[in-house]
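Hi everyone, and thanks for coming. I'd like to walk you through a structure that may be new to you, so please have a look at the screen.

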Amino acid sequence: MAVVIVFAIVTIVLFVYVLAGVRIVRPYQKGLIEQLGKYKQTVDPGLHLIIPWFQTLRLVDMREQVVDVPPQEVITEDNVVVSVDAVVYYEPTEPQKLVYNVANFMLAVTKLAQTNLRNLIGDMQLDEALTSRDKINSELRTILDDATDKWGVRVGRVEIQRIDPPPDVMHSMHEQMKAERTRRAVVTQAEGERQAAITRAEGEQKAVILRAEADKQQQILRAEGEALAIQKVAEAERFRQETVAQGEADAITAVYNAIHEARPDAALLTIKYLEALSAMADGQATKIVVPTELAGLAGSLTAVTELLGGGGNGTGDGSGGGPGSPEGGGPQGGGATGPRPITSRLDRPATVPPPTPPDDAT
């Protein structure tokens with residue numbers, strides 16, 4: 001019975017001893033096994049067994065950590081006191097160095113960031129420091145990464161949170177910014193007005209050019225239309241004159257053919273001739289055109305006299321010569337005297353000889 005009790009006690013003790021040596025390393029951790037106060041090995045995440053009382057396991061968080069750098073007063077190159085704070089993002093890469101090479105990593109990295117931040121901003125003027133955040137972040141990250149490399153840490157990013165100048169400087173900066181924005185607004189407005197004036201002038205210029213082109217085109221079209229109208233009128237007038245001339249020519253031809261077909265004698269031609277003279281004299285003009293064929297006109301009058309006087313068949317004597325002779329005084333058988341004078345409207349007598357009959361009438 002005693003043996004069973006001892007065995008049970010030994011079994012329980014061994015179970016507790018083995019259970020005390022079981023360690024679990026989580027996925028975001030790594031373990032440092034120390035044996036009798038000396039570093040032995042680094043273990044990965046998972047279940048591990050150590051020898052209790054002889055070995056210990058120290059867990060190191062390998063996730064990215066954030067260190068908040070508290071605000072501090074920094075004097076810039078132009079002697080302006082500003083308040084600056086930042087944040088540092090780091091990631092452990094070698095847990096052995098992180099545990100054994102630095103006693104308090106958080107304090108060490110905070111003081112290191114403050115010191116280097118003071119140095120960087122102290123070499124800059126206020127305006128440059130306010131506008132060069134990216135440059136400050138990059139240079140500070142490089143410095144911290146080099147300095148923490150022996151601590152088994154990689155600095156991934158550094159961000160400047162605030163750079164606060166004094167209140168009076170802030171007021172001056174606001175006034176300067178306001179003046180600068182006012183200047184930009186005035187310049188922008190002037191530039192806009194200049195562009196508007198240029199655009200308006202260009203539009204007016206184009207409008208004048210287009211108006212001149214339109215007037216020129218209108219005048220050209222009007223001139224072409226007038227020329228075409230004049231041409232049409234001239235063609236119509238020419239056609240009218242040709243038609244009238246053709247009609248007159250046809251009328252003259254018809255009259256000429258009719259006269260030749262009727263075969264008029266000398267007495268008829270003389271009567272028509274006298275009617276034409278009478279029509280010429282029956283007018284308002286003070287001058288009368290008298291034909292130059294006086295001898296022919298006198299002979300025609302003699303023939304008409306003989307026709308109207310009834311002595312149609314008588315012949316003149318030998319001394320008188322014949323009809324129309326100025327010495328005979330007319331035909332003897334009819335008892336008529338010589339040719340009668342023609343009195344014009346101005347009472348100026350003129351002896352007109354009978355016209356010479358045409359060749360076709362004889």
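Let's begin with strand 2, residues 29-35, which runs antiparallel to strand 3 and is joined to it by 5 bridges. When I say strand, I mean a DSSP run of E with at least two residues, and a helix is a DSSP run of H or I with at least four residues, both numbered from the N terminus. Two strands count as paired if DSSP finds at least two bridges between them.

Before going on, a word on where this comes from: this is a predicted model, where local features need pLDDT of at least 70 and side-chain atom pairs count only at pLDDT 80 or more, while totals for chains, interfaces and linings use all residues. Residues are numbered from 1 along each chain as its sequence is written, and side-chain values use heavy atoms, with hydrogens and water left out.

Back to our two strands. Which residue of strand 3 is the bridge partner of Gln35? That is Lys38, and Gly31 has Val43 as its bridge partner in strand 3. Strand 2 and strand 3 form a hairpin with 2 residues between them. Do look at Leu36 in that turn, with its positive phi of about 55°.

Strand 2 also runs antiparallel to strand 5, and here 7 bridges join the two. Within strand 5, Thr56 is the residue opposite Glu34. Put together, we get an open sheet of 3 strands in the order 3-2-5, with antiparallel pairing. Strand 3 (38-43) and strand 5 (55-61) are at the edges with a single partner strand each, so one side of each has no neighbour in the sheet. From one strand to the next, the twist averages 25°; for angles like this, axes are lines fitted to C-alpha atoms, for helices over the stretch in contact, and the values run from 0 to 180 degrees between N-to-C directions.

Is strand 2 mostly covered or mostly open? Mostly covered: 5 of its 7 residues are buried. Buried means under 20% relative accessible area, exposed means over 50%, and partly exposed is in between, using a 1.4 Å probe and protein chains only. Take Gln29, which is found in strand 2. Gln29 counts as buried, because its relative accessibility is 14%. Setting aside neighbours within four places in sequence, Gln29 is in contact with Pro45, Leu59, Val60, Asp61 and Met62, where contact means heavy atoms within 4.5 Å.

Strand 7, residues 81-92, pairs with strand 8 in the antiparallel sense over 10 bridges. Ser83 has its place in strand 7, and it is buried, because its relative accessible area is 17%. Next comes Val84, whose bridge partner in strand 8 is Ile163. Beyond neighbours within four places in sequence, the contacts of Val84 include Pro70, Val74, Leu117, Ile121 and Ile160.

How do the two helices meet? Helix 3 and helix 5 pack at an angle of about 140°, with their axes 10 Å apart. That makes helix 3 oblique to helix 5, because oblique is what remains once angles under 35 degrees are called roughly parallel, over 145 roughly antiparallel and 65 to 115 roughly perpendicular. Among the residues making the contact are Leu112, Leu117 and Ile121 of helix 3 and Ile136, Leu140 and Ile143 of helix 5.

Last stop, the largest nonpolar core. A nonpolar core is a set of buried Ala, Val, Leu, Ile, Met, Phe, Trp, Tyr and Cys residues joined through side-chain atoms within 4.5 Å. Of its 33 residues, Val82, Val84, Val88, Phe105, Leu117 and Ile121 touch the most other members. Strand 6, strand 7, helix 3, helix 4 (126-131), helix 5 and strand 8 each give two or more residues, and helix 3 gives the largest share, 6 residues. A second, separate core of 5 residues includes Val25, Ile33, Ile50 and Leu57.
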